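Colleague: I'm new to reading protein models, and I'd like to learn how to go from a picture to a description. Could you take me through this one, feature by feature?

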Amino acid sequence: MKKILKLIKAIFARAERSQNQTVHADGKTWEQMISERLDKQTDNEVKEIIDKYEPQQMKTLEFTQPNRPIDNLVIHCTATPENRHHTADEVRRWHTDPAPRGNGWRQVGYSDLILLDGTCERMTADEWAVTNGVAGHNARSRHICYVGGLATDGRTAKDTRTPQQVHTLAVFVKEFHARFPNVRIVGHNELAGKACPSFDVQKWLKSIGINQ
Ligand SMILES: [Zn+2]
């Protein structure tokens, strides 16, 4: 019990230091989420929770200054069937493993990946690293992707975003737009003849109050 209290204190101290206001998938702040989960946990479980949630959630919305000119934030989907879970590691392997196992790219396709549960994972060590999202646009774009985008048949384009993914994507684009108002937020399908990300990005942005 003493150990857990210590951990809680450490977490709050750290959260306070970074003035972290990150909102997690269910609309709770990271602090609320952690404190709720601490109730019935053993010390090891508590550590696991901290490791799992703290790093991505704290980093994701603290955008650093880009080291290159950025014109577009491009929204993608993984083009995988609805409700099928995939991790950032898997997606990285699809893109960077040598053919035929993967695409054999030198760099992954996106900077950020939103999992089914709304967790936003950073795909690259440097958040402004050039990623392979849309040929011809990568040098001046940042790419974010949600897991899904196809119906269960694995072929039909479908907006399969879970409520948690919609929430995280909304938080992400709102923060991004506030910080970089001149960067245009677009869907992959606005830059190339693709169905990706399987929803009308401009219409959705307006619906959440972003007018670019
Ligand atoms: Zn795409």
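Colleague: Let's begin with β5. How many of its residues are buried?

Modeller: Keep in mind that this is a predicted model. To judge burial, you count the other C-beta atoms within 10 Å of a residue's own, and 20 or more makes it buried. In β5, six of six residues pass that test, so by this definition the strand is mostly covered.

Colleague: And which way do those residues point from β5?

Modeller: Here's the general idea: in a regular strand, side chains alternate between the two faces of the sheet. In this model, Ser141, His143 and Cys145 point one way from β5, while Arg142, Ile144 and Tyr146 point the other way. Residues on both sides are buried.

Colleague: Okay, next one. Which strands are joined to β5 by bridges, and how do they run?

Modeller: β1 is joined to β5 by six bridges, and the two run parallel. On that pairing, asparagine 72 sits opposite serine 141 of β5. β3 also runs parallel to β5, with three bridges between them. There, leucine 113 has cysteine 145 as its bridge partner in β5.

Colleague: What is the strand order in the whole sheet?

Modeller: It's an open sheet of five strands, and the order reads β4-β3-β5-β1-β7. The edge strands are β4 and β7; each has a single partner, so one side of each has no neighbour in the sheet. Neighbouring strands are turned by 25° against each other on average, if you ignore direction.

Colleague: Is the pairing parallel or antiparallel between β3 and β4?

Modeller: Antiparallel, over three bridges. Leucine 113 turns up again here, standing opposite glutamate 121 in β4. The sheet as a whole therefore has mixed pairing.

Colleague: Now helices. Which residues of α4 are buried?

Modeller: Ala88, Val91 and Arg92. To read a helix, look at where such residues sit around the axis. These three cover an arc of only 100°, which puts them on the same side of α4. What covers the buried residues of α4 includes β3 and β4.

Colleague: Which residues have the most contacts inside the largest nonpolar core?

Modeller: Leu113, Ile114, Ile185 and Val201, in a core of 29 residues. At least two core residues come from each of β1, α4, β3, β5, α5, β7 and α6.

Colleague: Pick one of them for me. Where does valine 201 lie, and which residues does it touch?

Modeller: Valine 201 is in helix α6. Leave out residues up to four places away in sequence, and valine 201 touches Ile75, Ile185, Val186, Gly187 and Glu190. Valine 201 counts as buried because 20 other C-beta atoms lie within 10 Å. Sequence distance and space are separate things, too: valine 201 and histidine 76 are 125 residues apart in sequence, but their C-alpha atoms are 9.9 Å apart.

Colleague: What about contacts across the protein chain, how many of them join residues at least 24 apart?

Modeller: Count contacts between residues at least 6 apart in sequence, and 65% of them join residues at least 24 apart.

Colleague: Is each of them buried or partly exposed?

Modeller: Alanine 79 counts as partly exposed, because it has 19 C-beta neighbours inside 10 Å. Serine 198 is buried, with 24 other C-beta atoms within 10 Å.

Colleague: To finish, how many helices and strands does the protein chain have?

Modeller: Six helices and seven strands. Of its 212 residues, 30% count as buried.

Definitions and conventions:
Residues numbered from 1 in each chain as written. Predicted model: local features only at pLDDT ≥ 70, side-chain atom pairs only at ≥ 80, totals over all residues. Buried ≥ 20, exposed ≤ 12 C-beta atoms within 10 Å, placed from the backbone. Helix = DSSP H or I, 4+ residues; strand = E, 2+ residues; numbered from the N terminus. Arc of directions from axis to C-beta. Contact = placed C-beta atoms within 7 Å. Pairing = 2+ DSSP bridges. Axes fitted to C-alpha atoms, helices over the stretch in contact; angles between N-to-C directions. Core = buried A, V, L, I, M, F, W, Y, C linked by C-beta atoms within 7 Å.
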